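Me: Can you walk me through this one? I'd like to know where the labels come from.
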Amino acid sequence: MNDYSEGGGYMDTSFNSGTTSASAPRRPMGEQTMRPITLRQLLKADLMHDSTLRIDGADVTQVTFVGVIRNISELSTNSTYMIEDGTGALEVKRWIDQSETVENAAERRELQTDMYVRVFGRPNQFNGKISVVSYRIIPVTDFNEISYHFLDAIRTHLRLTKGTPGAAGGDTTMSTANNSTNAGGNINDDVLKIIKQYQESEMGASVDVILSALRGQHDETKIRDAIEYLSNEGHCYTTIDDNHFKSTESF
């Protein structure tokens with residue numbers, strides 16, 4: 001396996017720190033979301049002049065995908081995994097922090113070849129080769145997640161290339177979520193406030209936590225619609241699964 005330590009940028013920890021370099025331009029929220037992809041999409045992504053990768057006309061700065069570990073190469077500073085998902089294969093690098101916790105070390109050692117995993121990470125291009133630096137790699141325990149992920153990637157692709165379903169006549173779900181107010185105030189603001197309270201948590205805020213916190217203030221269906229609206233509009237993104245969210249406003 002190649003050692004990409006000379007590629008520059010691989011030690012960027014902005015995702016974990018929640019800060020943005022003063023010299024780096026702040027990206028719009030829609031460009032900071034965790035994008036579900038297939039590896040074929042990433043490998044065929046357009047490379048822009050600023051080295052940003054673009055899929056379906058949208059910049060991609062964070063990705064999540066599901067695949068099988070085909071090979072593992074371990075060094076003292078990092079582990080490199082060759083992962084394929086049936087549409088393509090690429091290398092995923094996971095840096096080993098000096099302050100790595102016991103739990104994170106155990107999670108890393110759990111990863112084995114021929115294991116299905118979900119990857120969360122940042123895509124990189126160096127010398128014409130695309131790879132991913134992972135924030136987290138977790139084993140897939142429910143194989144329905146594989147099918148669900150591909151459906152999610154297809155849905156995102158269609159939304160970006162064909163537009164949001166019902167947009168011509170008005171997306172009733174998004175419209176309802178955007179305008180819903182009652183005794184609890186603006187529902188979008190209330191939901192986002194709860195999500196931000198769990199920003200320091202690795203998993204973020206779960207849907208159950210959000211529903212529990214806003215019970216009695218908003219209808220459950222409208223809360224779920226608001227979560228979907230905020231996610232679609234780039235105000236929050238999914239973390240370990242599709243039921244946990246973090247706000248993009250901390251970047």
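Me: What makes the nonpolar surface patch of about 280 Å²?

Reply: Leu-151, Ile-154 and Leu-158 make that patch. To join a nonpolar patch, side chains (Val, Leu, Ile, Met, Phe, Trp, Tyr) must lie within 5 Å, on residues with over 30% relative accessible area and no salt bridge. A salt bridge here is a side-chain nitrogen of Lys or Arg within 4 Å of a carboxyl oxygen of Asp or Glu. Keep in mind that this is a predicted model, where local features need pLDDT of at least 70, side-chain atom pairs count only at pLDDT 80 or more, and totals for chains, interfaces and linings use all residues. Residues are numbered from 1 along each chain as its sequence is written, and side-chain values use heavy atoms, leaving out hydrogens and water.

Me: Why does Leu-151 count as exposed?

Reply: Leu-151, in helix H4 (residues 144-162), has 56% relative accessibility, so it counts as exposed. The cut-offs are over 50% for exposed, under 20% for buried and partly exposed in between (1.4 Å probe, protein chains only).

Me: And why does His-244 count as buried?

Reply: His-244 has 14% relative accessibility, so it goes down as buried. You'll find His-244 in strand S14 (residues 244-247). Leaving aside neighbours within four places in sequence, its contacts (heavy atoms within 4.5 Å) include Met-203, Tyr-237 and Thr-239.

Me: How do you know that S2 and S3 pair up?

Reply: Pairing takes at least two DSSP bridges, and two bridges join S2 to strand S3 (residues 53-55), running antiparallel. For instance, Asp-46 has Arg-54 in S3 as its bridge partner.

Terms used: Patches are made of residues with over 30% relative accessible area and no salt bridge: like charges are joined within 9 Å, nonpolar side chains (Val, Leu, Ile, Met, Phe, Trp, Tyr) within 5 Å. Accessible areas come from the Shrake-Rupley method with a 1.4 Å probe; for residues, only the protein chains shown count as cover. Helices (H or I, at least four residues) and strands (E, at least two) are DSSP runs, numbered from the N terminus.
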